Amino acid sequence: MNARRRWGRWALLAAMVMAGLSFGALWLSDRLILDERDTSAEPSPGPLADAVARGEYLTRVGGCFSCHTLPGGEQLAGGRALATPFGTFYSPNLTPDVETGIGGWTDAQFVRALRKGIRPDGSDYFPVFPYPSFTNITTSDALAIKAYLFSRPAVHRPNRAHDVAFPFSWRFLQSGWRLLFFKPGPFRSSLNESIAYNRGAYLVTALSHCSECHTPRNALGAMRRGLWLAGNADGPDGQVVPNITPDPATGIGGWQKSDLIELLKTGATPEQTTVKGAMREAIADGLKDLSDDDRAAIADYLLAQPPIVHEITQRR
C-alpha cells in the first residue's frame, strides 16, 4: 500500500510538472509572438490607418466572411461546412462571444492561432484552417483583424463538431503533419522587387491565401509546391479551380493586367464569362473591396510568376 501511495504521489508530481512545463511553453510562446519583428521590410499596410477600419479591410480581403458565415446565418458566427477528401469541417464562431466565440482570447492567443495554427488550449488546428498561408500575415495586421472582430456584436452560437473519420479526426496527428509540411512565417519582402510586387506577394501568399484553393494537394492534404497556383481539379467542395500562372495555354498568360484587375473587381473574365462557385463568393465577400492599388499589385505579382503548364479538367 505504501508503495502504491508513493507511486501515486510521484505520478501526481510528474503530471503537475508536465502541466507546468506546458503552460510555461505556451506563456513563453505568447511573449515571443507579440515581441516578434520582421527582419525585412514590411509590405505596405494598405489604404487605411485606423486599426478597426483597417482590420475590416483585412478581414474581408482575407476571406473570413465567406468561410465563417453560414448561408442565411449571422455574419462570422461560424457553422459553414467545407467538404474535403478527409471529411466535412465546420468553421468556428469568430464573434467576440466569450462562451462560444473568441471573446476570451488574448492578443497573443489570436496571433498564435493565425500564424502558428495553435489553439488557445495548445492543440493544433487542422490545416483546413489556412494557417500555412496565414503564418505570413504580419503581427500588426493580425492585431488589426482582431480589433475589428472584437468591435462586432457577440453572437452566441456553439461551434459544430467536425464530421471527420478516423484516423484523420485525431488532432494530435497534426503535429506530424506540421513537421512535414508547415513552414512558419513571417512574410519576407524581396529586396530585388518593387514595393507593388511585394505588396502583391503578401496579398496572394498570405492574406488572401490564393494558393490554398489554386494549388493541387498531395495524399495528405498538403499543397504540391511544384504546381503552386497551377490549378486544382479538386478544390473546395469538389470545385475545379483554374491555373492562375501566366502559362499562355493552360493559365492566364494571354490576359492583360487590366483583365485581372477587372476580374478581382467584378468577377468578369476576358472571355466574357463570370467566375462561379467559391471565387464568386470570394469576390463578393471581400476581393471587390480591394483598393485599386492592391488589385494592381496582385496582378503585377501573378503575371510575374513562372508559367506552369497544367491543364485542369473536371473530374468525372
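Visitor: Between which two helices is the loop that holds L229?

Guide: L229 lies in the loop between α9, residues 211-214, and α10. Keep in mind that this is a predicted model.

Visitor: Is L229 buried or exposed?

Guide: To answer that, compare the relative accessible area with a cut-off: a residue under 20% is buried, and one over 50% is exposed. L229 has a relative accessibility of 1%, so it counts as buried.

Visitor: What is phi at L76, and where does that residue lie?

Guide: L76 is not a glycine either, and its phi is near 65°, a positive value. L76 is found in the loop between α3 (64-67) and β1 (81-84).

Visitor: Now the peptide bonds. Which kind of bond, cis or trans, joins F166 to P167?

Guide: Look at the angle omega. The bond from F166 to P167 is cis, with omega near 5°. P167 belongs to the loop between β3 (163-164) and α7 (174-181). A cis peptide bond also joins G185 and P186, where omega is about 15°. P186 sits in the loop between α7 and α8.

Visitor: In which loop is F187, and is F187 buried or exposed?

Guide: F187 is placed in the loop between α7 and α8. Its relative accessible area is 7%, so F187 is buried.

Visitor: How much space lies in the second largest pocket, and which residues are closest to its centre?

Guide: The second largest pocket holds about 500 Å³ of space. Its lining has 21 residues, and N136, K183, F187, T205 and R225 are the closest to the centre. The elements that give two or more residues to this lining are α5 (131-134) and α8 (195-207). With 4 residues, α8 gives the most. Sorted by class, the lining consists of 11 nonpolar, 7 polar and 3 charged residues.

Visitor: Which residues of α12 are buried, and what covers them?

Guide: The buried residues in α12 are D294, R295, A296, A297, I298, A299, Y301 and L302. Their cover includes α2 (51-61), α8 and α10 (257-266).

Visitor: Last, the whole chain. How many helices and strands does the chain have, and what share of its residues is buried?

Guide: There are 12 helices and 3 strands in the chain. Of its 316 residues, 45% count as buried. The accessible surface comes to about 16,600 Å², and 59% of that belongs to carbon and sulfur atoms.

Terms used:
Residues are numbered from 1 along each chain as its sequence is written. This is a predicted model: local features need pLDDT of at least 70, side-chain atom pairs count only at pLDDT 80 or more; totals for chains, interfaces and linings use all residues. Side-chain values use heavy atoms; hydrogens and water are left out. On a 1 Å grid over the protein atoms alone, a cavity is a set of points where a 1.4 Å probe fits but cannot get out, and a pocket is an open set with protein on both sides within 12 Å along at least five of seven lines; lining residues have an atom within 4 Å of a point. Grid points are joined across faces, edges and corners, and a volume is the space filled by probe spheres set on the points. Ala, Val, Leu, Ile, Met, Phe, Trp, Tyr, Cys and Pro count as nonpolar, Asp, Glu, Lys and Arg as charged, and the others, Gly among them, as polar. Buried means under 20% relative accessible area, exposed over 50%, partly exposed in between (1.4 Å probe, protein chains only). Accessible areas come from the Shrake-Rupley method with a 1.4 Å probe; for residues, only the protein chains shown count as cover. Contact means heavy atoms within 4.5 Å.
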